[in-house]
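Student: I am new to this structure and would like a close look at a single part, the place where the two chains meet. Could you take me through it slowly, and then say something about the disulfides as well?

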Amino acid sequence: MMWRDYRKLFSFKKIMRSVAVLSLAFTFVFSNLMPFFAIKEAQAAVAFDAATTGTVGGANALTFSHTVGAGGADRLLIVAVSIDNRTVQSVTYGGVAMTNVGTATNGAQISSMWRLIAPATGANNVVVTLSGGGTDIVAVATSYTGVDQTTPLGTPVTATGNSVTASVAVTSATGEIVVDSVSSNLGTLTVGEGQTQRGNGVGGDNQGGSSTEPGATSVTMSWTIGSSSAWASVGVSIKPIVVSTTLADGIDPGNSTVAPSGAITDLDAFTLQTSAGTDSVTGLTVTLTGANSFESLSDVRITSDNGATLYFGAVANPASNTIVFSAGTPIPVSTTATQFKVRITPKTHANMPVPPGLSYAVGGTVTAFTSTNTQAGTDATTPATITVDNLSPSGATAVSGTAGDTKNTINWTTSSSADFNTTSGSVVYRWTGASAGAEVPAEGSTETIGALNGTATTACVVSSAASTPLSKIDGTGGSAECTTTALTNGQAYTYKVFQKDTNGNYDVGTLIGTFTPAVGVTITSYTNTTETALNYAGACTGCGARIGGGVGFRQSITITGTGFGADPGVGNYSTATNNIKVGTKQIASANVTAWSATSITFLTDTNTAGDADTDWGANYGGASALTVTAGGGTSGGLNFYVFPQITSVTVPVGFGADTAREYSVSDTDGVITLNGTRFGSPQGTGSVTILGSTATINSWATTSIAVQIPTAIADTTNTGNISMTQGTGTSGKTHTYANTLRILPRITGFTPTSGAEGGAVAVNGNHFCQTGTCPGAFSAGVNDVVFTSAVSATTFTSWTATAMTTAVPTGAVTGNVVLKSNSFASNALSFTVLSNTPASPTSLGQWRNIGLTQAIATGGVASTTPIYLSQVMEVPSITGGTLYPQFEVDPIGTAFTCGAGACAQATEGIGWAGPGPTTGTSSVSVADDVYHWQARTRHNKASVDYYSPWVSYGGNAENATDFQMDTTAPTITSVSSGTPGTNSATITWSTAGEIATTRVEYDTAGTFTGGYDCAGTAECTALTDTAPLVNAHSVSLSNLNSGTTYHYRVRSMDTARNEKIDPPTGDYTFTTSSNLSPSKTTRFHIAGNTASISGASNSYTFSVHMPENATTTRSAFVELKGIFLVGGTPAIGMTVNNEATSTYSFPSGSRYSLKILHPVSSINIAPATNTLIIAPGAGNGFYVSSADIYVNYTYTP
Amino acid sequence: MNELIKKNKKAILIICVGLITIFLFVLYFDGIREAGRSALNIERSINENPSPRVLEKTTTSDGRFVVPTGEQIPLVSNRKVTIANGKTLKGAYSVALPEALIWSSDAKLVYIRSLGTVSVDGISSGWEIVFGSKIKKEGYVVSVIGGLVASKASTASKSFGYDLPKNWYDSGEAIRSISSLPQFKDATISGLNFYYNEDGKKWGYAVSSSLGTVSVPVR
């Protein structure tokens, strides 16, 4: 190594720099660290107050007065007692017992020390009392001030010996005072060097003393005795009172955020206060919280509360979170709590760590301090947080850009950070070239548009809200807040956008990209040469085109602009590099008809493959929708809306073009379909208006809308437009159909709904006046109303837009009616034409009475004339006419003579108002004969007769009898009563020539004053008519009384209910034969329907009640009927009234019925009874169905 | 027989393969028309000779009513229908117009109506072209059948014709304007008129379709 090398090595600068470093190190160590090593308790010195010595010889108590000074505080009284051969019992001062500190005993020689904290000031007696007998006592009382009242003494030390010097070594300290007590029994006590004798006395032969010496680490208290002697000594150090300085939390500032370069800010507040006196804080440590908080601070200082006074020196650019203050002005402390501040100053943006920075949560408290007094207390553990915001905001997003002609368009979305600076928060740097430079905006700076920063130019400084999409033009036509100086076409420019927060922090920037302006594709305008109303104009909303199929509906659009380049050639107009777009829809190449550098013409022909309506999808153009891509660039967009187009209208089959009727649910005449393009779907807010009225939509698709012709269209308005507004997904554009729609007449009904020929009828409907003026007369084929059967109405009553009133023409039949107005035909609506011809009569009836309650059955006979014929008449739905019943009655064998027209032979009843149904009647007087008849109805309407067909009664043939007229009663002849018996008679008569009923009335009174069936005649007996009706009549009368005369008459009624009574007045008579003892046979029932009789006999008791009195029984027998059962002995035994039993045997075999007639000899007449006993054979049984007794007897009537 | 089959086994196999191939070809290209593969029925020609109508009178509104004539032709089909010796509506008009002008120098068109089948190209074998003349105060019906004037006759008419739009598109364009719309995918046409809408004072085509009468305005 050469000298110059050493010289280099030990150059003056280096040496000085080393010295400086060492100096700084020592300075740091001694100024910052030593104070901590030097910390000790701050103590006031103990001060001696007064001393008094008392002695006594041969006593057991010593009393002497000691005066404690009044001016001192923190007092302590020490009494040193020297005795021998005794012990100290107690020591009091002013009557207050003192505490023994220590006692040293050397045989008989005793030294004892006592203390009293805070003794009363003034003169008080010290009383030393010994235990035991008296002795020599020396006591020295010393008082002190400034003594620690809590621990006034150190550790007492005792020592004893037999020597010429007494000593005791006491551990003490500066500021303390060591006091001792010594006792010896010989010599003279002489206080040691450095000690201050506070008392020395002799009591008898006892030597005692006390001294003090300022405290030190170790203090030996000694006395020279003068000769070797036994001694005892006690020493103790008196401790001074302790004084402290207390640290406490102040009123801390609130949390806040400060920006780099911000002003000095309060971080923490603390207070200092001494417990006594004043103090001086000569050192202080602040500990910051928050990771690396110190990096954000340029200055930390301790000031007075108001910041006016700086203590210590400000610590600049702290190197750690522990900041030590020492040198400089110390903090004065007094017994008054005083607040001080820790204050911080953020670094400037420039001195802050480079982006992305951090956010520093700075907290800080005083964690240590240096003072004379003892340090006590703490600062707050949860201080305020001062945030030094050096955190970059989040960067811009969604960056993009496009090149233009001497300009670039740049897009971005601003930072989403909450503290994004809404003023000048976005700064765009532009670098000329294909890459961005390293320049960034200076932290905390506010950029200026157009300013240079190295190679970067501030292109834009934009104020906006956070998270806001922005699009700005840099260059020609530049946006506000951006440069407007034209950029150089062909020159690449690179852009980066920076985001700034409210504390001036920038992010690192987001690269937008590189864009090269060029003489680009620009659309300046376009014209719709097909529909010029849709030409482009600035910010237009009514511009664009309709799309449609073929030359009839497509539209031609010519775009003008620049940069379109050379004609790409047929077939190349719809490529990635050359195309025309409306929104996302790229026009098919085949629809592009011309292309030059400044003009392009294309068609909107949906018949071209790729450009059909379906190919447009949901695209309906819109703002900036039209773009041209050519030469590698894409133009900006011009507003271009795709309008709807109604290209055709479908009307119902059979309708003329562009015609329809108002809607009706009954047919489809009122539903038309609009065909076209770009209607939008679904309907949404779309609508269709027809002749000014909103139409109800049946279905809606983007090329097809089925609508109902509104019924709200005025009936006098027959022609008008169809227009529609686009539906969902569109801009609500409209179109009006090119042609005019005609609303044809529609018949909706008739008033009345049906009618007969000649009847007034109003044809109701709408749009009946197609020319706008209603016809004043019929004109065949032009203005007319035609009924079915091609019968035109001829009665012209009135004609309005909604009703044509006419009359049902003659010859019209039920069927469709069509109205024509100006040759435009209505719909066909059926009208019911009613007939004036009455319906065939029904319910034909023939009656005996006018009330029509006594019907004559078919073929029946009437006995009185006239009879009454009836029919039910009706001419359906026809009013205003009269219905007349007509009848033709002819005898059987005479043919009906009436035909279809009027008939003089017909009998006619009174008329009834139509239309019926109603019953018409007529009386008919005929001679006795048999008849048939027919009926019809005559309808007279407007003096015209309409006849129903003839209907024969009951549908009977002409040779069948409908009714018979018979008005003559039958003739009665040959009435005879024959030869009456004793109890009976037979009456006979004849109605020859006519069958009739048979009836006899008879009684014994001979009066037939009543009417038919003996009514009103008490004795009369009437026999009901016999059937069938006969010519020869015979009636048997029985139960007559014998020998009695009876009156009678006969009656016969023919089928016509003509009755003959014979005799007409009076009566016939006959008399029965007389018989005094007539014989009778009477049967009495005994038993019947018995259960099976078998085994034992069965007994039946019965009575015989004769119907006559005084009877004589002539004979009697029992008739037994039953069923015989198989088995056993086939025999039955019978007896009555215990007469001899008769046994009746039967053949063996199957069961069979039996009948036994058992003669009885004697019968008891009631009230006496009889007994029948029946005994079946052994093992046999039978059922009795009946057992009767027959009695033949005679009596006198 | 078995011996014969054995001897001609190879020939039989070839014949069978050939027949199967032909069957599959026919099935594939002609079996499913809608598949769009019809190779055997690409085109069908209609040869018809409709008769002219005798009109006692005509009105303008008659032109609105399309009388179905000829066959019903699908608007969208893979099988093209051609009309032998047919003409488009404008083509027939150009044939009839000289005759009308001979009839009356001020002859103007009242309406044109198809008389035969109308193809989707708007071609029909027959057209009825009705003119009117204010001078003659009557109408004139020229029937063009097979591309030639088949008949011409005066008729009563209160319509004396109307001016035609310039460059009016032909019947084929009118049909294509509706055939391109999806709602007419399955529709057929059976007649076509060129009519004058007196209400709107505009000409238009009226197409008789299976969906109804479709009016297509002419601008």
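Tutor: The contact, meaning heavy atoms within 4.5 Å, takes in 36 residues of chain A and 31 residues of chain B. This is a predicted model, in which local features need pLDDT of at least 70 and side-chain atom pairs count only at pLDDT 80 or more, while totals for chains, interfaces and linings use all residues. Residues are numbered from 1 along each chain as its sequence is written, chains are lettered from A and ligands numbered from 1 in the order in which they are written, and side-chain values use heavy atoms, with hydrogens and water left out.

The size of an interface is often given as the accessible area lost when the parts come together. Between chain A and chain B the buried area, which is the accessible area (1.4 Å probe) that two parts lose on being put together, summed over both, is about 2500 Å², and carbon and sulfur atoms give 52% of this area. The rule for a salt bridge (a side-chain nitrogen of Lys or Arg within 4 Å of a carboxyl oxygen of Asp or Glu) finds one across the interface of chain A and chain B. In this salt bridge the side chain of Arg742(A) meets that of Asp199(B), with 2.5 Å from N to O. Polar contacts are pairs of N or O atoms within 3.5 Å; within protein, one must be able to donate a hydrogen and the other to accept it, and residues adjacent in sequence count only if both atoms are side-chain atoms. Across the interface of chain A and chain B, 17 residue pairs are in polar contact, both residues being at pLDDT 80 or more.

On the side of chain A that touches chain B, at least two residues each come from β47 (645–651) and β49 (671–677) of chain A, where strands are DSSP runs (E, at least two residues) numbered from the N terminus. The largest share of that side, six residues, is supplied by β47(A). By class, the side of chain A that touches chain B has 12 nonpolar, 21 polar and three charged residues, where Ala, Val, Leu, Ile, Met, Phe, Trp, Tyr, Cys and Pro count as nonpolar, Asp, Glu, Lys and Arg as charged, and the others, Gly among them, as polar.

One residue of chain B deserves a look of its own. Ser209(B), in strand β12 (residues 202–209) of chain B, is buried (under 20% relative accessible area, against over 50% for exposed and in between for partly exposed; 1.4 Å probe, protein chains only), because its relative accessibility is 5%. Not counting residues up to four places away in sequence, Ser209(B) touches Val653(A) as well as Phe184(B), Thr188(B), Ile189(B) and Val214(B). A polar atom of the Ser209(B) side chain also lies 3.0 Å from the backbone nitrogen of Leu211(B).

Now to the disulfides. With a disulfide taken as a pair of cysteine sulfur atoms within 2.5 Å, the count over all chains is four. One of them joins Cys460(A) and Cys482(A), with sulfur atoms 2.0 Å apart. Cys460(A) lies in strand β33 (residues 456–462) and Cys482(A) in the loop between β34 (469–475) and β35 (493–499) of chain A, so the pair ties together parts that are 22 residues apart in sequence. Both Cys460(A) and Cys482(A) are buried. Another disulfide joins Cys769(A) to Cys774(A), S to S 1.8 Å. Here Cys769(A) counts as buried because its relative accessibility is 3%, whereas Cys774(A), with a relative accessible area of 30%, is partly exposed.

How values were computed: Helices (H or I, at least four residues) and strands (E, at least two) are DSSP runs, numbered from the N terminus.
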